[in-house]
Amino acid sequence: MAETHGLATAILETTEALVVVLDAQGRITFFNRACESLTGHSRNDVLGKAIWDVLIPERHVASVKQVFADLLAGEQALGRRHENPWLTRDGEERLIAWSNSAVTDTSGAVTHVIGTGMDITERHRAEETLRRTNQTLDSLIQASPLAILTIDADRNITSWNPAAERSFGWTAREVIGRPIPFVPE
């Protein structure tokens with residue numbers, strides 16, 4: 001049994017995933033090396049402390065406590081997957097995507113909650129940058145004095161700006177989804 005426990009601990013220590021284990025009061029009982037590396041906190045800094053007192057920004061404490069309460073109540077589906085920021089030792093926020101599981105004793109009472117997470121901060125930033133870039137591009141296309149249209153691989157029109165409406169006399173509603181070349185009725 002001790003050998004199995006040691007093997008499991010070694011696996012959890014070497015994974016790149018964040019692994020944190022909480023007791024039924026939300027106190028941290030396990031904090032792997034990936035957690036230490038991401039947050040800058042040593043496990044000695046956080047062991048025995050409630051996760052929301054150390055790693056969760058104040059504005060997210062209520063929602064994290066609700067996810068935890070759902071897991072304690074046996075509502076695995078509600079608490080299984082979620083995202084929330086973690087605070088690093090220097091105050092930076094990192095967005096984490098979590099998958100959680102409750103561990104129960106023989107009577108069915110939750111004894112621990114295991115969270116496995118991935119830092120998705122950079123992906124989230126890239127998605128936000130892409131969204132803003134697309135909004136800017138769309139604004140430029142809509143304001144352009146030149147007729148601009150796009151077509152998909154099947155040669156169907158997917159966008160048609162106001163200048164195209166003025167130049168060709170057809171509204172976007174009349175042409176989007178239709179093949180090119182075309183002659184609307």
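Author: What follows takes strands, aromatic rings and salt bridges in turn.

Author: This is a predicted model, in which local features need pLDDT of at least 70, side-chain atom pairs count only at pLDDT 80 or more, and totals for chains, interfaces and linings use all residues. Residues are numbered from 1 along each chain as its sequence is written, and side-chain values use heavy atoms, with hydrogens and water left out.

Reader: What makes strand 4 and strand 5 a pair?

Author: Two strands pair if DSSP finds at least two bridges between them. Strands are DSSP runs of E, at least two residues, and helices are runs of H or I, at least four, both numbered from the N terminus. Strand 4 (residues 93–104) and strand 5 have 9 bridges, so they pair, in the antiparallel sense. One of the bridges joins Ser99 to Thr116.

Reader: Why is strand 1 said to pair with strand 5?

Author: Strand 1 (residues 18–23) and strand 5 (residues 110–119) share 6 bridges, and at least two are needed, so they pair. The sense is antiparallel. Asp23 has His112 in strand 5 as its bridge partner.

Reader: Why is the pair of Trp86 and Trp98 called tilted?

Author: Rings of Phe, Tyr and Trp (its six-membered ring) pair if their centres lie within 6.5 Å; planes under 30 degrees apart are stacked, over 60 edge-to-face, and the rest tilted. The count by this rule is 4 aromatic pairs. The centres of Trp86 and Trp98 are 5.1 Å apart and the planes stand at 55 degrees, so the pair is tilted. The two residues are 12 apart in the chain, Trp86 in strand 3 (residues 81–87) and Trp98 in strand 4. Both Trp86 and Trp98 are buried. With Phe31, they form one aromatic cluster.

Reader: What makes Trp160 and Phe168 a tilted pair?

Author: Their centres are 5.4 Å apart, and the angle between the planes is 40 degrees. That angle falls in neither the stacked nor the edge-to-face range, so the pair is tilted.

Reader: How do you know whether Trp160 is buried or exposed?

Author: Buried means under 20% relative accessible area, exposed over 50%, and partly exposed in between (1.4 Å probe, protein chains only). Trp160 is at 7%, so it is buried. Phe168 is at 43%, so Phe168 is partly exposed.

Reader: Why do Arg27 and Asp23 count as a salt bridge?

Author: The rule asks for a side-chain nitrogen of Lys or Arg within 4 Å of a carboxyl oxygen of Asp or Glu. Arg27 and Asp23 meet at 2.8 Å, N to O, so they qualify. Asp23 is buried at 11%, whereas Arg27 is partly exposed at 35%. The whole structure holds 12 salt bridges.

Reader: What makes Arg125 and Glu92 a salt bridge?

Author: The N to O distance is 3.9 Å, within the 4 Å limit, so the pair counts. Arg125 lies in helix 7 (residues 121–143) and Glu92 in the loop between strand 3 and strand 4, 33 residues apart. Arg125 is partly exposed at 39%, and Glu92 is partly exposed at 32%.

Reader: How do you know that Arg94 forms a salt bridge with Glu122?

Author: The closest N and O atoms are 3.4 Å apart, so the pair meets the rule. The partners are 28 residues apart, Arg94 in strand 4 and Glu122 in helix 7. Arg94 is buried at 13%, and Glu122 is partly exposed at 44%. Salt bridges link Glu92, Arg94, Asp119, Glu122 and Arg125 in a network.
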